[in-house]
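I am opening my notebook to record what I looked up in this structure, entry by entry. I begin with a term that I need before I can read the rings.

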Amino acid sequence: MAYFSSPRPQSSSSAIKIVNPAEHDDKAKLQAKRDSPQRQCRNILIYGSCRYQDKGCIYYHPPAVNAPVFVPKAPFHAIATPSPTLASPFTSSPSPSTFYPNHDEYDDYGESVFNHTPQTLEHQLVNQYQQVDYDDHASPMGNFYQSQQATFARQPLDYHLYSHPTPNAFPSTHFVSDIIREELHKRSEASQLVPLPGHNLPDELQGYHSLALLEPSVTERRKFFSWYSTVYRATSSNDGVSYALRRVENFRLMHQAAFGAIETWSRVEHPSIVRVREAFTTRAFNDNSLVVAYEYYPNAQTLFEMHIKQKPPVFQHGRLSTFSSALPEVTLWSYMIQIASAIKVVHEAGLAVRMVDATKIMVTGKNRIHIGSCGIADVLMYDPRQDTAVAQQEDLAMFGRLVFALCCNNLAAMNTLPKALDMLSRQYSGDVKALALYLISKPGPHKNITQVIDMIGTNRLLHEMDDMHSSVNRLEAELMSELENGRLVRLLCKFGFINERPVFAREPRWSETGDRYIIKLFRDYVFHQVDENGNPVINLSHVLACLNKLDAGTDERIMLVSRDEQSCLVVSYKDVKACIDAAFGDLARVSR
């Protein structure tokens with residue numbers, strides 16, 4: 001031990017110290033430059049401010065610029081929400097105010113139940129409410145149990161803020177496309193829209209709460225068969241999912257066996273049918289009402305609104321012109337294949353659709369349709385002696401009338417059949433005409449949905465299946481772009497737990513010492529880089545690459561430099577990952 005305790009003689013050392021002649025001069029110059037008051041403080045470059053500016057910091061601090069205070073010229077309630085800047089194919093249209101008088105069974109179920117978007121209520125919300133209620137959303141149960149006497153309403157989202165053009169520094173492969181993200185935001189907001197006050201709706205209805213009226217306010221109420229009906233969106237207390245409730249007013253149930261059809265419909269599952277959940281009677285609206293619950297598809301539009309309803313005139317070439325275009329035949333065949341497939345499943349279950357109508361079939365996506373209002377006609381028109389085969393033949397006839405309405409852009413096309421056939425012959429192929437004539441032909445024992453599918457043809461069925469698989473592949477690719485986001489968020493949460501923690505285990509500088517100091521330097525390396533001019537570098541590709549390498553624990557080495565540039569460390573991503581796991585493990589053990 002004496003060897004280690006006593007210094008060795010200078011003459012016995014075999015190492016030769018290499019001394020730079022100008023070392024002392026350079027150090028003196030470097031120290032003078034570092035201590036120069038004309039050098040800008042690095043705290044300003046990194047953090048934007050220096051906490052020691054008024055406490056003796058000798059470096060240069062540029063004066064702060066006082067920005068003028070923004071004062072709106074108009075009150076808050078008079079400022080309209082800016083419109084989206086991106087064009088989307090899923091824009092909604094206003095509800096129709098007029099209809100063809102000879103279409104007696106028209107009802108605005110499809111276009112009002114699932115097409116009540118936040119955009120259609122935007123002006124009503126702005127006029128009725130003066131401010132936004134943020135306190136209700138701060139409560140964990142605020143969004144779940146909505147008050148019917150609400151004083152405030154949540155303003156519609158600015159979708160252009162969520163789907164702006166992606167900068168070059170942000171790789172598009174890591175995020176869902178703008179169109180899909182905007183459409184999903186709209187659907188999410190529509191399903192959580194705050195109900196408007198003043199409708200005297202019940203707070204609870206057979207296990208449903210937060211009722212919101214989905215139909216627009218119109219002067220002339222539409223009938224569903226011989227009864228007035230209203231559609232609401234409500235949230236189930238059992239699963240928290242939103243459903244569409246159709247209420248038939250002043251209906252007295254005479255036979256309890258009529259609900260047997262609803263039980264059968266609830267077991268029918270098909271991708272082109274709005275599934276029936278349940279049906280019940282209630283006096284919560286101060287009358288005898290029948291309520292049928294369906295799946296809720298926010299922002300859906302009906303075939304009538306998408307392709308038949310007259311669009312408002314557009315100002316083009318110095319004059320107003322109406323926009324009218326024929327439905328492409330490829331899209332028409334896609335609709336007919338989906339409807340025929342749904343009818344086949346219903347007929348095989350011993351039921352009849354009775355709702356093959358342009359105002360009852362909803363478009364929920366690109367060329368995706370769902371038949372709505374199923375089952376309610378079986379309750380309203382209950383007759384134990386009715387022959388199901390006759391109702392099934394009527395489904396085929398309604399199917400034919402729908403084909404003529406879509407081809408001629410007119411629900412009353414069957415009233416002038418020769419003119420409708422002439423228009424159909426000029427715009428569509430002979431196969432479409434033959435199928436439409438077969439559907440409206442006289443009922444017979446050999447006329448069934450199987451023959452309709454055979455007339456459609458195997459080639460078109462295969463083409464529809466190929467398009468469906470391609471759509472699934474595209475959606476899976478979009479999902480893959482968001483797959484790793486959760487993993488990186490968990491890694492960032494660990495950073496948040498460790499970095500800048502003030503006190504841990506009675507050690508005030510726990511986050512600044514030991515392995516935690518390496519974690520701090522790594523955070524600066526990832527997020528706080530600056531260029532040669534001192535400007536912050538915003539490069540998401542660099543952030544994602546570093547976090548992915550850190551999560552994988554690669555052996556690649558990086559150099560971490562302290563903020564005062566006095567020390568540097570060369571470590572690997574594997575070493576940094578070990579430091580993070582150790583520090584987070586210490587926190588997790590104490591928190592248990």
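Entry on aromatic rings. Rings of Phe, Tyr and Trp (its six-membered ring) pair if their centres lie within 6.5 Å, and planes under 30 degrees apart count as stacked, over 60 as edge-to-face and the rest as tilted. With that rule in hand I found that ring pairs link Phe495, Phe522, Tyr525 and Tyr573 into a cluster.

Entry on the source. I note that this is a predicted model, in which local features need pLDDT of at least 70 and side-chain atom pairs count only at pLDDT 80 or more, while totals for chains, interfaces and linings use all residues. Residues are numbered from 1 along each chain as its sequence is written, and side-chain values use heavy atoms, with hydrogens and water left out.

Back to the rings. By the pairing rule I get a count of 9 aromatic pairs. I looked up the pair of Phe497 and Phe584, whose ring centres are 6.0 Å apart and whose planes stand at 45 degrees, so the pair is tilted. Phe497 lies in helix H17 and Phe584 in helix H20 (residues 573-591), so this pair ties together parts that are 87 residues apart in sequence. For helices (H or I, at least four residues) and strands (E, at least two) I use DSSP runs, numbered from the N terminus.

Entry on the whole chain. I find 20 helices and 14 strands in the secondary structure of the chain, and buried residues make up 40% of its 592 residues. Taking contact to mean heavy atoms within 4.5 Å, I see that, among contacts between residues at least 6 apart in sequence, 66% join residues at least 24 apart.

Entry on the cores. A nonpolar core is a set of buried Ala, Val, Leu, Ile, Met, Phe, Trp, Tyr and Cys residues joined through side-chain atoms within 4.5 Å. The largest such core has 71 residues, of which Leu303, Ile339, Val356, Phe399 and Val452 touch the most other members. I followed Phe399 and, leaving aside its neighbours within four places in sequence, found it in contact with Met336, Ile339, Ala340, Ile343, Val356, Leu439 and Val452. Apart from this core lies another, of 26 residues, including Leu488, Ile498, Phe504 and Leu550.

Entry on the largest pocket. On a 1 Å grid over the protein atoms alone, a pocket is an open set of points with protein on both sides within 12 Å along at least five of seven lines, and lining residues have an atom within 4 Å of a point. A volume is the space filled by probe spheres set on the points, which are joined across faces, edges and corners. The largest pocket has a volume of about 1500 Å³. Of the 42 residues that line it, Lys366, Asn367, Arg368, Met468 and Ser471 are the closest to its centre. Which helix gives the most to the lining of the largest pocket? I found that H16 does, with 13 residues.

Is Val291 buried or exposed? At 1% relative accessibility, Val291 counts as buried, and its place is in strand E7 (residues 289-295). Val570 lies in strand E14 (residues 568-572) and, at 52% relative accessibility, counts as exposed. Not counting residues up to four places away in sequence, Val570 touches Arg557, Ile558 and Met559; the C-alpha atoms of Val570 and Ile558 are 5.7 Å apart, although the two residues are 12 apart in sequence.

Entry on phi. Most residues other than glycine have a negative phi. I noted Arg354, in the loop between H10 and E11, where phi is near 65 degrees, a positive value in a residue other than glycine. Ser373, in the loop between E12 and helix H11 (376-380), has a positive phi of about 65 degrees although it is not a glycine. Arg354 is buried, with a relative accessible area of 19%, and Ser373 is buried with 0%.

Note on methods: Buried means under 20% relative accessible area, exposed over 50%, partly exposed in between (1.4 Å probe, protein chains only). On a 1 Å grid over the protein atoms alone, a cavity is a set of points where a 1.4 Å probe fits but cannot get out, and a pocket is an open set with protein on both sides within 12 Å along at least five of seven lines; lining residues have an atom within 4 Å of a point.
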